[in-house]
Amino acid sequence: MGPLRSVVLCGGGTGGHIYPLLAFADCLRRHDPGVRITCLGTPKGLENELIPPAGYDLRQIPAYQLPRSVNMSLVRTPDRMWKAARAAGKVIDEVRADVVVGFGGYVSVPGYLAAWRRELPIVIHEVNVPPGVANRLGMKFTDNVAVGFPHQPAQAEVLRDARVVGVPLRRGIAGLDRAANAAAARAHFGLRPDLPVLFVAGGSQGARSINLAVAGAAKELARHGVQVLHVMGARNEPVPIPTDLPVPYVTLPYLSQMEIGYAAADLMLGRGGAMTCAEVAAIGLPTVYVPYPHSNQEQKRNALPVVDAGGGLLVDDAELTPAWVERTIIPLIRDPHRLAAMGAAASGYGRRDGDEALLNFVYEAVAR
């Protein structure tokens, strides 16, 4: 099959939809610098902050939250959806797209509808169980469904026939050699090269419960020679950290280049978002997962397979206290043999080639 001339990518709202989209766009461009890549987004989504700076054309279309139950909103949905699909169709026609690839988020639905009406190939990439509302709707229009993790087809009937391709990751992460970059990464944050580093990050929004637990254990961590690199989350109130600690405790509101944090770390403490699970498993970083409790348990389902493989630990949000951190994390991070075994188990479960595998799947779908 010949090269793709023009590809429309849909995914917006949260980092979990946008980061794999961007990694896939980079992969497309690596294989063919001449391919036209157009991204669909909404005026208010996070995509506006992430996609244009990455060098990709972002076209805004109206997108509406899909109701999860029968109400007045559902009655108005066909009219709104028709307007959004018309706008998506105009973009698809203008750029003469060969294929529409969607990663979820409400903006994907108008893209799927417009592609279906034009009998264009549609490829859906899904990382969660159960799939998001937008991708579930998209699956009514196409059989070309790819998933990020091997547990997904077994856990969701609608994903039973999906192709497991992994999660597209940025090259800076997929190609990361933690050991080779550790010294430079620690120097970047002002951390010592000779003491273990706990990397704490609660996803793109941060996590207050994680912040409080680690800050509460700060003195005990420092007393045992454990350094902390702590991403608090830009939207969280800063949590005070004791100032007279004998070893570095570095706090940041946000970290755009997560690979530097990963390279500096011996152990990570974080949520169980699909992107976090995919990234830390791919690079073999042992991780303590604290799944977000107020949801359908999808983060727990994301983290469990890598934990079962030996690549991490799982703790309920309600159980994560300063005492738990002191009791569990201090002996773990001071045991290099156990960390090495966990890291090897994580990398055995993870994969670094999700972008290439998805591209091959897209080529197949277009050829069909």
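The legends below describe close-up views of a predicted model. Local features need pLDDT of at least 70 and side-chain atom pairs count only at pLDDT 80 or more, while totals for chains, interfaces and linings use all residues. Residues are numbered from 1 along each chain as its sequence is written, and side-chain values use heavy atoms, with hydrogens and water left out.

**View 1. Packing of helices H9 and H14.**
Helix H9 spans residues 208-216 and helix H14 spans residues 322-333; they pack at an angle of about 65°, with their axes 7 Å apart. Because of this angle, H9 is roughly perpendicular to H14 (65 to 115 degrees; under 35 is roughly parallel, over 145 roughly antiparallel and the rest oblique). The crossing of H9 and H14 is right-handed, meaning that the near helix is turned clockwise from the far one by less than a right angle. H9 contributes Leu212, Ala213 and Gly216 to the contact, and H14 contributes Pro322, Val325 and Glu326 (contact means heavy atoms within 4.5 Å). By class, the contact has four nonpolar, one polar and one charged residues, with Gly counted as polar, Glu as charged, and Ala, Val, Leu and Pro among the nonpolar types. Axes are lines fitted to C-alpha atoms, for helices over the stretch in contact, and angles run from 0 to 180 degrees between N-to-C directions. Helices (H or I, at least four residues) and strands (E, at least two) are DSSP runs numbered from the N terminus.

**View 2. Thr14 and Arg170, two positions under a UniProt annotation.**
The "binding site" annotation, from an unreviewed UniProt entry, covers Thr14, Gly15, Gly16, Asn128, Arg170, Ser204 and Gln299. Such annotations may be inferred rather than shown by experiment. Thr14 lies in the loop between strand E1 (6-10) and helix H1 (15-31). With 43% relative accessibility, Thr14 counts as partly exposed (buried is under 20% relative accessible area, exposed over 50%, partly exposed in between, with a 1.4 Å probe and protein chains only). The C-alpha atoms of Thr14 and Ala282 are 21 Å apart, at a separation of 268 residues along the chain. Arg170 sits in the loop between strand E7 (163-164) and helix H7 (171-174), and is partly exposed at 27% relative accessibility. Not counting residues up to four places away in sequence, Arg170 touches Ala23, Ser256, Gln257, Met258 and Glu259.

Leaving aside neighbours within four places in sequence, the contacts of Ile92 are Val8, Ala97, Val100, Gly111, Ala114, Ala115, Arg118 and Leu120. Between the C-alpha atoms of Ile92 and Arg352, 260 residues apart along the chain, the separation is 31 Å.

**View 3. Backbone at Arg96, Glu119 and Pro130.**
Most residues other than glycine have a negative phi, and most peptide bonds are trans. Arg96, although not a glycine, has a positive phi of about 50°. Its place is the loop between H3 and strand E4 (99-102), and Arg96 counts as exposed at 69% relative accessibility. Glu119, also not a glycine, has a positive phi of about 55°. Glu119 is found in the loop between helix H4 (108-117) and E5 and counts as exposed, at 72% relative accessibility. The peptide bond from Val129 to Pro130 is cis, with omega near -5°. Pro130 belongs to the loop between strand E5 (122-126) and helix H5 (133-138).
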